[in-house]
Amino acid sequence: MKLLLVGEVLDGAIVPEVAELFGFAARLGAETSMVLTGASGNLPAFEGRLYRADAVHEFDMTYHKRFVLAAIEREQPDAVVFLHSSYGWDLAPRVAFAMQAALISGIVGLDGGGYLVESCNGKMRRTVRPLTGRAVLTIQPGAFAVAPMQGSPEVIDIDAEPDAAVEFLGCIQPERGVDLSRASVIVSAGRGVGSAERVELVRALSEALGGEVGASRPVVDAGWLERARQVGSSGQNVSPALYVACGISGAIQHLAGMKGSGFVLAVNTDRDAPIASVADVLVVADVAEFLPALTAAIQARK
Amino acid sequence: MNILVCIKQVPDMEDHFVPNAAGRWFDEIGLVWRMNEYDAFAVEEAVRLKESLGGEARVTALSIGPVRVVETIRKALSMGCDEGVHIDDPMATERDPWQIASMIAGFAAGRGFDLIFTGMQSEDRSSAQVGVLVAERLGIASVTGITAFEWQDGSMTVERELEGGRKCRLGLKAPALLTCQLGLNTPRYPTLPNIMKSKRAALTVLSPESVGLESPKASSENFRPHEPNAAGVILEGDAETLAAQVVSILESRTSVLGPGGVR
């Protein structure tokens, strides 16, 4: 099997998750090549062909489509593999349509010659197989172990025409001010907390544990907590000794940001919730009833 | 100004899912249906744009599925969409994104939509493919996962969400397709008069074949629950007992409570 991996660059540097693309290829025992544009620093170390250009053309997705297609034309891979990232999920359908090929998104595993993907906000899984000879794949960041990077690629310079349809007007940096990455205890509020008032129950538990308050996306979108407290791929990646997920169903974007936690306590009324896939303890209970009891029990130890 | 919004009806994600007989997707018995959450932001943004243009714009809401999706189309109408289109496809839940995109693009082609809004992805399939595939079929520009939208006389400025809370700002011209991220706006609750009006609205009903349904590009099988953490413990009971159990587990399995009390 021949895979063409699509590298990804942020501010001139290759994003670390690119090593997971090689990990995915290693799991398949595939011959690999890579296509990469805009990387100004070190190139990835691997044995294979590296199709590259200096151009950045950030967010000109038509340019990126043409560039990847130019590499596909030369390499004739069996599959083209992207990260399921804001770059990958935007670009992959453009490439798949041009190839008239199957696109399988958000792959989390391999399953008997097919690809395992998540469904129903991560509650369910299914096995998907391409029905076309060539396929386009996106892999979920964090799902595949990185492969050791070694070797030196044969570098082949290629290029493509830029496109003027979408104009890049600049980036907006995230709101900061709360650094959750070093907290040893994080107690996070999810939609299941139910209201802005009940976020106080989460805060009380966090204080009893000497921790920080975190949030899932819906809680931030609803304005119950500030965006700087959002945990997940759109917010912060955290790895506390204890992560308490209160009323958080566990969408994959949230799990991606907290699965490095030492111990995960989840509180949820839905025992099928995908947070159960990473929870060391799942308490099946309403946050409003259980949290005050746990806070009181911890305070009683003083 | 002609605007299309594509909406999907999905089950409530709190529901308990059971595989169907073929094991390809879920059994529909007992599920509660509603509008895909991402699509509610798409409907709201389209209606806000229409309202800001004062009477010179029309918003068409399109959904694909069996008769049950009519309820979701009426929900979009009650939020302010003008026309409803139902592609009556009893097999819709088992179609792959390529097929869904073939039908939407087949409907939209030649109808001169200036803007198409979709959700960034559905909550049940989470493929995040359909919007971009529709745009590519129609040969129009597209931006995925927008968190802000501003219209100025044929052009627009959008914000697109990237990793780690970073966003980029992009400018483009109509015609274009935009897929909407959660939090783009605050979807409205329909008023009672609008709900009543939406119940009487006539819908355009089309067959999948008439809008160009194509063959699938991928197959799906072995739909099953996400395995819980095999080493995990599930606790149920009254709150006080649960709290005592959890304190005991935290004492033995973590160091966060510290010896002899809270830090």
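In this predicted model, chain B and chain A bury about 7,400 Å² between them, and 54% of that area lies on carbon and sulfur atoms. The size of an interface is often given as the accessible area lost when the parts come together. Counted by residues, the contact involves 82 residues of chain B and 86 residues of chain A.

| Item between chain B and chain A | Count |
|---|---|
| Salt bridges | 12 salt bridges |
| Polar contacts, both residues at pLDDT 80 or more | 46 residue pairs |

One salt bridge links Glu227(B) to Arg125(A), with the closest N and O atoms 3.9 Å apart.

Which elements of chain B give two or more residues to the side that touches chain A? They are the helices α4 (130-138) and α6 (239-253), together with the strands β7 (141-152), β8 (155-161), β9 (167-173), β12 (218-225) and β13 (233-235). Of these, α6(B) gives the most, with 10 residues. By residue type, the side of chain B that touches chain A divides into 35 nonpolar, 22 polar and 25 charged residues.

The strand β13(B) also takes part in a pairing between the chains. Its partner is β17 (residues 281-284) of chain A; the two strands run parallel and are joined by 3 bridges. Within this pairing, Leu235(B) of β13(B) stands opposite Val283(A).

How values were computed: Residues are numbered from 1 along each chain as its sequence is written. Chains are lettered from A and ligands numbered from 1 in the order in which they are written. This is a predicted model: local features need pLDDT of at least 70, side-chain atom pairs count only at pLDDT 80 or more; totals for chains, interfaces and linings use all residues. Side-chain values use heavy atoms; hydrogens and water are left out. Contact means heavy atoms within 4.5 Å. Buried area is the accessible area (1.4 Å probe) that two parts lose on being put together, summed over both. A salt bridge is a side-chain nitrogen of Lys or Arg within 4 Å of a carboxyl oxygen of Asp or Glu. A polar contact is a pair of N or O atoms within 3.5 Å; within protein, one must be able to donate a hydrogen and the other to accept it, and residues adjacent in sequence count only if both atoms are side-chain atoms. Helices (H or I, at least four residues) and strands (E, at least two) are DSSP runs, numbered from the N terminus. Ala, Val, Leu, Ile, Met, Phe, Trp, Tyr, Cys and Pro count as nonpolar, Asp, Glu, Lys and Arg as charged, and the others, Gly among them, as polar. Two strands pair if DSSP finds at least two bridges between them.
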